[in-house]
Amino acid sequence: GTAAPGSAGAVAGSEAGTAGQSDDALDPVERELAGRALTEEGAMQELAAQGGEQCFRSGALRALLGPWLASGSPPSSDELDGLLREDPLARALLAQLPHGAGRTLELSRREARDLILRLEERRLKASIQALDQAIRDAERGRDEGSLGRLIAERRDLASKLHTRNHSAIG
């Protein structure tokens, strides 16, 4: 029979919970990137080139991918079979992975790069929002010393985001 939706996630959540995050709480973009890195040479290469484990906030995903990031290639077929038998998180990632058989190495790398850029853009936006709140707090508290630093930091992040958005378009 087929497993109930989310049942793999519930099992993986108990394991991933040790990293402070349930499987279901993992960022869907991080999940897709991790699944692709486990199954696609191009995605693993691009992930390694773009910072490896640093691309993930999730400790569970960093731990799962660590050995293969260190070697620079995804698990062999036998290693992947072993992971699927033994690791609920790996099973959940691969069960939800969109099937893209026949991807070229370059296409795999480009799609992984796009996922990494989406993660970075989201994190920049979240940091800008946090700085906006800190700026409002500093204004209310009339903390001029912090205010100048916070505004400069926000300007830098906004500039990075603007540059990313415009370089991604071209």
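In which helix is the place of leucine 124? Leucine 124 sits in helix α7, where helices are DSSP runs of H or I with at least four residues, strands are runs of E with at least two, and numbering starts at the N terminus. The model examined here is predicted, so local features are reported at pLDDT of at least 70 and side-chain atom pairs at pLDDT 80 or more, while totals for chains, interfaces and linings use all residues. Residues are numbered from 1 along each chain as its sequence is written, and side-chain values use heavy atoms, with hydrogens and water left out.

The protein chain contains eight helices and zero strands, and its elements read α-α-α-α-α-α-α-α from the N terminus on. Of the 170 residues in the chain, 36% are buried; buried means under 20% relative accessible area, exposed means over 50%, and partly exposed lies in between, with a 1.4 Å probe and protein chains only. The accessible surface comes to about 9600 Å², and carbon and sulfur atoms hold 51% of this area. Such areas come from the Shrake-Rupley method with a 1.4 Å probe, and for residues only the protein chains shown count as cover. Among contacts in the chain (heavy atoms within 4.5 Å) with a separation of 6 or more, 69% join residues 24 or more positions apart.

With a relative accessible area of 10%, leucine 124 is buried. Leaving aside residues up to four places away in sequence, leucine 124 touches Leu157, Lys160, Leu161 and Arg164.

Glycine 51 follows α3 and has a positive phi, near 120°.

Two packed helices are described by the angle between their axes and the distance between the axes. Axes here are lines fitted to C-alpha atoms, for helices over the stretch in contact, and angles run from 0 to 180 degrees between N-to-C directions. Angles under 35 degrees count as roughly parallel, over 145 as roughly antiparallel, 65 to 115 as roughly perpendicular, and the rest as oblique.

For α3 and α7, the packing angle is about 45° and the axes are 7 Å apart. The two helices are therefore oblique to each other. The crossing of α3 and α7 is right-handed; a crossing has this hand if the near helix is turned clockwise from the far one by less than a right angle, and is left-handed if anticlockwise. On the α3 side the contact involves Glu41, Gly42, Ala43, Gln45, Glu46, Leu47 and Ala49, which meet Leu105, Ser108, Arg109, Ala112, Arg113 and Ile116 of α7. By class, this contact has six nonpolar, three polar and four charged residues. Nonpolar covers Ala, Val, Leu, Ile, Met, Phe, Trp, Tyr, Cys and Pro, charged covers Asp, Glu, Lys and Arg, and the others, Gly among them, are polar.

The axes of α2 and α4 come within 11 Å and cross at roughly 25°. These values make α2 roughly parallel to α4, and the crossing is left-handed. Glu30, Arg31, Ala34, Ala37 and Leu38 of α2 form the contact with Leu61, Leu64, Leu65 and Trp68 of α4. Seven of these residues are nonpolar, none polar and two charged.

Helix α2 also packs on α7, at an angle of about 155° with the axes 10 Å apart. That orientation makes α2 roughly antiparallel to α7. Here too, α2 passes α7 in a left-handed crossing. The α2 residues Val29, Glu30, Glu32, Leu33 and Arg36 contact Glu111, Ala112, Leu115, Ile116, Arg118, Leu119, Arg122 and Arg123 of α7. The contact of α2 with α7 divides into six nonpolar, no polar and seven charged residues.

Aspartate 137 and leucine 147 are ten residues apart along the chain, with 8.9 Å between their C-alpha atoms. Arginine 142 lies in the loop between α7 and α8 (144–169). Although not a glycine, arginine 142 has a positive phi of about 50°. With a relative accessible area of 70%, arginine 142 is exposed.
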